[in-house]
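Let's take a walk through this chain, one region at a time. Have the sequence and the 3D view open as you read.

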Amino acid sequence: MDPDDIHFDNERLNHNSDDDGQTPPPGSLGRESVGEAASNIAAASTPISVTGHSQSAQSAGSRRRSWVWKHSTIVKNFKNAQGIDLGPKAVCNYCPNTYTCASSGGVGHIERHLNNIHKKFKHTVVEFGGESDTVGGTSNFVYSQSSMREGLARYVVAAEQPFTFGDDIRFEYFVKHYLQPLFSKVSRNTTRSDSLKAFIEVRKILISEIAELGSLISFTSDMWSGRNDLGYISVTAHYIDSNWILNKKIIAFRLMEYPHNAMNIFQCIMGVFREFEIVDKVFSITFDNHSANTSSIDLFQQNLTISHAGQFFHVRCVCHIINLVVQDGLKPIGPQIEKIRDAILYIATSLARQQEFEGLCVSYNVKPKKIKTDVKTRWNSTFLMLKSCRNHTDVISAYVNSKYMRTDGGLTRADWNIAFEFMNFLKKIYAATLACSGVRYPTTCLVLNHLYNMSHTLKSHRMKPNFVAACKSMEDKFNKYFKNMPPIFIVASAMDPRIKVRGVEKLLNGIGENLGITLPSTSTVTTLLTSIYASYESKFACTATAAAPCSSSINDPCSTSNNDNDPSWFLISGPGSSETCSRSELTQYLEINLVTTEDLQSFDILAWWKKTEKTFPILSIMARDLLTPPVSSVASESAFSASNRVLDERRSRLAPDILDCLICLKDWEDACLGIQKCHPRDEFRDYFSDSDIDAD
């Protein structure tokens, strides 16, 4: 008989036993593993049913109701190791013991065996693949090799383990002796096949989920070169589901054919759109500032039906723009930063010097620490490096200046003062980078606030002697990208009930005054918002329910005072004119009181729109689309951190389809378990984890 035909509950494997139903002595199974013994016996035996009930008993109309049949399986025509047919036998699910199972013989002997030998199995586990039953108030587990293989494959992918994980003899020993005796190790090729199977099944579910969405989808994409010198492109989908939860799913991690030009980028991403059947659901795509990405936008707009004349389609990565702004600002204070960087590098690159430095820390009565350097091209690492040095400036200067003399006079207190002054200057910019890199909450409605904070910081430092040149360089770069403010930031901010048109007006005016530029006026913002709403109203008015009467007293239940630590919210909460237009949903929304909250971090804009969805049925659809686009490509770039670990030196020959499976399935599993971060953790924070970088 084919072993695949041997199944009960969830295809459990059986164990061998001796003739008289007693536990065989240790070693009596020779060198067979438990799984091998089960396979051999199963091949020679016939199960009675998938529920532990005897076929003969069932045919007679009787049913076996005892709890022992959740832990034992009846095998018809059971054969012993010599091939002798012993007739029906009850086989313990946890050991090779067999017992008589006549319907009139009782089950006391099986109960005693389970209570004395397998009590821990009796009370601990959950049954797979069927209705759970309870014994003594606990659920019962029925082991399934197929379920185990699926779970193992998902774990291997999500935990970034090698395919050989389940084939390791030490892992097999651990599981068999401490978790499940029926476990049979899984080969590398089997785990690989199971991973692909799981990937295909989950992708089908994801495609069905996307097909049922009532909203549009936004995307981020970026390119990466692996250790095997091949180029890859990542495509990440972002959408708000019917429960108003912002989802982020990596839907493709594909090999990118050379050359990496606009046409190949377009063709690769369009292939993904067609594969997931979402060509007609594309709202926007977020790229970094690579010229090929920008050039591909025209190809998308020519071949896709894009809403709102494409004015929201292309979103430039705000975090990349901020990096360009700060890099220009670092140049004027380069000499001071370079002196500190050289001093830290001098200590960090020698174990002997590191030990001497730690000894000097003790004499200065400060906590010894390992000095770590920054990455020149990553300004956030320079920012964190300076924060990590705040309590050790005197020790660093004393040690370095005593070891070698620089022609410029060595590291001085003035150098540290300038560096720390610039570090404090960068606080708001660093906060903006972290906030805009979020992937599990809307970011389009946050950009104007953080751009205002940045402009406020530039204005307040513009006249300080050490910042004149830095601010001038940063303002020029800032104006280059934001003088023509992207419309998506304006309308998305208006969809934030804490901001709306009045707040947008104040933020735009404030940014313009701080930087001396002209940004859209209130009338322009109102006209833009009204035209967008009109397009949604014409499309959804016939299907949306009528809006409920909207009172000017509608507010958020947690609304209190504003947070004075953020200049943008202080600006918005001030007096201003109210909006007036026709009594549409948009007008009713704009006329309600501003929603404010004491702790801005706790306000959930998606929860607010979910609560008022029935009040604003059309406007909520509009808000869902406008709040979805991410303002940075960090979501796609985070895939490269995982791929850099997966495609390491030992696995550089992974086939492209397997890499696609590993990266996507891991992301989907993380999303399912709820362990995706609200924003990608700054990769340098762990690097400086032994410092007080989180202190003010």
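Start with Asn-365, which counts as exposed at 72% relative accessibility; on this scale, buried means under 20% relative accessible area, exposed means over 50%, and partly exposed is in between (1.4 Å probe, protein chains only). Asn-365 is not a glycine, yet its phi is positive, at about 60 degrees. You'll find Asn-365 in the loop between α12 and α13 (379–388).

Before going on, some ground rules: this is a predicted model, where local features need pLDDT of at least 70 and side-chain atom pairs count only at pLDDT 80 or more, while totals for chains, interfaces and linings use all residues. Residues are numbered from 1 along each chain as its sequence is written, and side-chain values use heavy atoms, with hydrogens and water left out. Helix and strand labels are DSSP runs numbered from the N terminus: helices are H or I with at least four residues, strands are E with at least two.

Most residues other than glycine have a negative phi, and most peptide bonds are trans. Ala-309 sits in the loop between α9 (291–303) and β11 (314–316), and is exposed, with a relative accessible area of 81%. Where is the cis peptide bond with omega of about 0 degrees? It joins Tyr-258 and Pro-259, and Pro-259 belongs to the loop between β9 (246–256) and α8 (262–275).

**The chain as a whole**

Of its 696 residues, 53% are buried. Taking contacts (heavy atoms within 4.5 Å) between residues at least 6 apart in sequence, 72% join residues at least 24 apart.

**A helix pair**

Two packed helices are described by the angle between their axes and the distance between the axes. Here, helix α11 (residues 334–348) and helix α12 (residues 351–363) have axes that come within 6 Å and cross at roughly 105 degrees. Axes are lines fitted to C-alpha atoms, for helices over the stretch in contact, and angles run from 0 to 180 degrees between N-to-C directions. That makes α11 and α12 roughly perpendicular to each other; angles of 65 to 115 degrees get that label, under 35 is roughly parallel, over 145 roughly antiparallel, and the rest oblique.

Which residues meet? Tyr-346, Ile-347 and Ala-348 from α11 touch Arg-353, Gln-354 and Phe-357 from α12. The residues of this contact split into four nonpolar, one polar and one charged. Nonpolar covers Ala, Val, Leu, Ile, Met, Phe, Trp, Tyr, Cys and Pro, charged covers Asp, Glu, Lys and Arg, and the others, Gly among them, are polar.

**Sheets**

Five strands form an open sheet in the order β9-β8-β7-β10-β11, with mixed pairing; two strands pair if DSSP finds at least two bridges between them. The edge strands, each pairing on one side only, are β9 and β11. On average, neighbouring strands of this sheet are turned by 25 degrees against each other, direction ignored. Packed on the sheet is α8, which touches β7 (217–225), β8 (231–240), β9 and β10, and its direction makes about 125 degrees with that of β9. Strand β10 (residues 282–287) runs parallel to its partner β11 over three bridges, with Phe-287 opposite Arg-316 in β11.

Elsewhere, β2 and strand β3 (residues 89–92) pair in the antiparallel sense over four bridges, and Ile-74 stands opposite Ala-90 in β3. Strand β2 (residues 72–76) has four of its five residues buried, so it is largely enclosed by the rest of the structure.

How many disulfides does the structure hold? The count is zero, a disulfide being a pair of cysteine sulfur atoms within 2.5 Å. Two cysteines are in the table, alongside two residues worth a look.

| Residue | Relative accessible area | State |
|---|---|---|
| Cys-101 | 7% | buried |
| Cys-361 | 0% | buried |
| Ile-621 | 14% | buried |
| Pro-162 | 36% | partly exposed |

Ile-621 is part of helix α25 (residues 617–627). Leaving out residues up to four places away in sequence, Ile-621 touches Tyr-536 and Phe-540. Ile-621 and Phe-540 are 81 residues apart in sequence and 8.7 Å apart in space, C-alpha to C-alpha.

Pro-162 lies in the loop between α5 (145–158) and α6 (169–178). Its C-alpha atom is separated by 8.3 Å from that of Arg-188, 26 residues away along the chain.
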